[in-house]
Amino acid sequence: MVAIEYRQRREQLMEKIGQGTAIFHSAPLAVMHNDVEYTFRQDSSFFYLTGFDEPDAVIVLAPHHKEHRFVLFVQPKDPDKEVWTGYRAGVEGAKERYGADEAYPITELNEKLPQYLLEADRIYYHFGRDRNFNETIVKIWQRLMTTYPKRGTGPIAIQDSGTILNPMRQIKSMAELELMRKAAAISVEAHNHAREFAKPGRYEYEIQAEMDYIFRKHGGNGPAYPSIIASGPNSCVLHYVENNRQLQDGDLLLIDAGCAYNYYNADITRTFPVNGQFTPEQKILYDIVLEAQEKAIAQVKPGNPYNQVHETAVRVLVEGLLDLGLLMGDIEEIIKEEKYKPFYMHRTGHWLGLDVHDVGVYQYGENPYPLQPGNVLTVEPGIYIGPTTKPVEGQPEIPDRWRGLGIRIEDDVLVTADGHDILTSGVPK
């Protein structure tokens, strides 16, 4: 991503907030155990606006300020600490490399921040997981409010910055889509290799290792999320991550895995028989899920309401389960009362981008979000009949031959000007 892209995003955001001041806090360092930290991953909105990839930093966007519209508070250069934890941009690097109008050491935040709020009519800030920083913002705001009567200026409200920024992030630029296509292409290669590699006797973690290698080999950041390599009954656990079971002849293998590339993510699920041959029950359920996905993807087009994708998938799944006798009754009543939930308990997709479950609304009150060119969403219907799945009251008992079967098929779909583009179509279904 080039610097001009980040600058354009900041300019667009500042135009929207007008007389306000927006504040964004970097992600914290997370401790794995004792004094060992997880690999740092920047907050997505922070990265979206700057490309800055260090902890302990703060962005201030003050479009009303005469000189400093874009300010960064960062860790200063410190050769002794950099020997241990890596090189820092420092105050000068924040200006020279990242385009800040002004930069300060993070230790000066409490002293310097108020000057960028005095003329603001409100603060745009998302209250995140860092409670200490949340309290810092509230205390500065309260301090300014106590002197408001003397000045008649200053922020009289705090508004969640996501209400302004998230709609921007929902529409992907050409530069973003290039990165998402790269993440998808790497993920496609990993899935295709996994399908060839999987066979009875291998362990789930062996397949995970093969996929992780491909993610890294092509310059990816690694998995976009903990990979789900779920064989046999494990496929009925939606977020199964133990990945330690040995594959058995006759198993289905559900793989839900994607690569992160320069912070942008892919998210693919495929389900296939380990020995290459579906049993009759596996094939029947697979065909229902595949039809549900194909018809749901067909609803991805500009202007269509977001929930139409889910509703289409649900109807196909319910029709299939009715035909098999796993559900009974009036289809409209089953859908309205969600009597299908024991077999299909999640939504059919989510936004995708810098976050795997990316930001953005799905509906405004009773009005679903209308799909727009540049949206990227997953489409991922499934059927799960676990060893202990129980139907809702009044529904048929589940014959044993259906138990232990979990099937999900997921693709990443871009809304285009005249329809859609399946970014992950390179993995067979």
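How do the residues of the lining of the second largest pocket divide into nonpolar, polar and charged? They split into 6 nonpolar, 5 polar and 6 charged, where Ala, Val, Leu, Ile, Met, Phe, Trp, Tyr, Cys and Pro count as nonpolar, Asp, Glu, Lys and Arg as charged, and the others, Gly among them, as polar.

Before you click around: this is a predicted model, so local features need pLDDT of at least 70, side-chain atom pairs count only at pLDDT 80 or more, and totals for chains, interfaces and linings use all residues. Residues are numbered from 1 along each chain as its sequence is written, and side-chain values use heavy atoms, with hydrogens and water left out.

**Stop 1: the second largest pocket**

Select His239, Asp256, His350, His357 and Glu380, which lie nearest the centre of this pocket among its 17 lining residues. (A pocket, on a 1 Å grid over the protein atoms alone, is an open set of points where a 1.4 Å probe fits, with protein on both sides within 12 Å along at least five of seven lines; lining residues have an atom within 4 Å of a point.) The space here comes to about 380 Å³, a volume being the space filled by probe spheres set on the points.

**Stop 2: the largest pocket**

Now pick Arg41, Gln42, Asp43, Ser44 and Asp355. Of the 41 residues lining the largest pocket, these are the closest to its centre, and the pocket holds about 1300 Å³ of space. Next, colour β1 (21–25), α2 (44–50), α6 (131–146), α8 (162–170) and β9 (222–223), the elements that give two or more residues to this lining. (Helices are DSSP runs of H or I with at least four residues, strands are runs of E with at least two, and both are numbered from the N terminus.) The biggest giver is α8, with 4 residues. By class, the lining has 17 nonpolar, 15 polar and 9 charged residues.

**Stop 3: α1 on α8**

Show side chains for Arg9, Gln12, Leu13, Lys16 and Ile17 in α1, which meet Ile164, Leu165 and Met168 in α8. (Contact means heavy atoms within 4.5 Å.) This contact has 5 nonpolar, 1 polar and 2 charged residues.

**Stop 4: α9 and α10**

Jump to α9 (residues 174–197) and α10 (residues 204–217), whose axes lie 9 Å apart at an angle of about 150°. They are therefore roughly antiparallel to each other. For the contact, select residues including Ile186, Ala190 and Phe197 of α9 and Ile207, Met211 and Phe215 of α10. Its residues divide into 8 nonpolar, 3 polar and 4 charged.

**Stop 5: α11 and α12**

Last, select α11 (residues 280–297) and α12 (residues 307–324). Their axes come within 8 Å and cross at roughly 155°, so this pair is also roughly antiparallel. Among the residues that meet are Ile284, Ile288 and Ala292 in α11 and Val309, Val316 and Gly320 in α12. By class, this contact has 11 nonpolar, 2 polar and 2 charged residues.

Definitions and conventions. Axes are lines fitted to C-alpha atoms, for helices over the stretch in contact, and angles run from 0 to 180 degrees between N-to-C directions. Angles under 35 degrees count as roughly parallel, over 145 as roughly antiparallel, 65 to 115 as roughly perpendicular and the rest as oblique.
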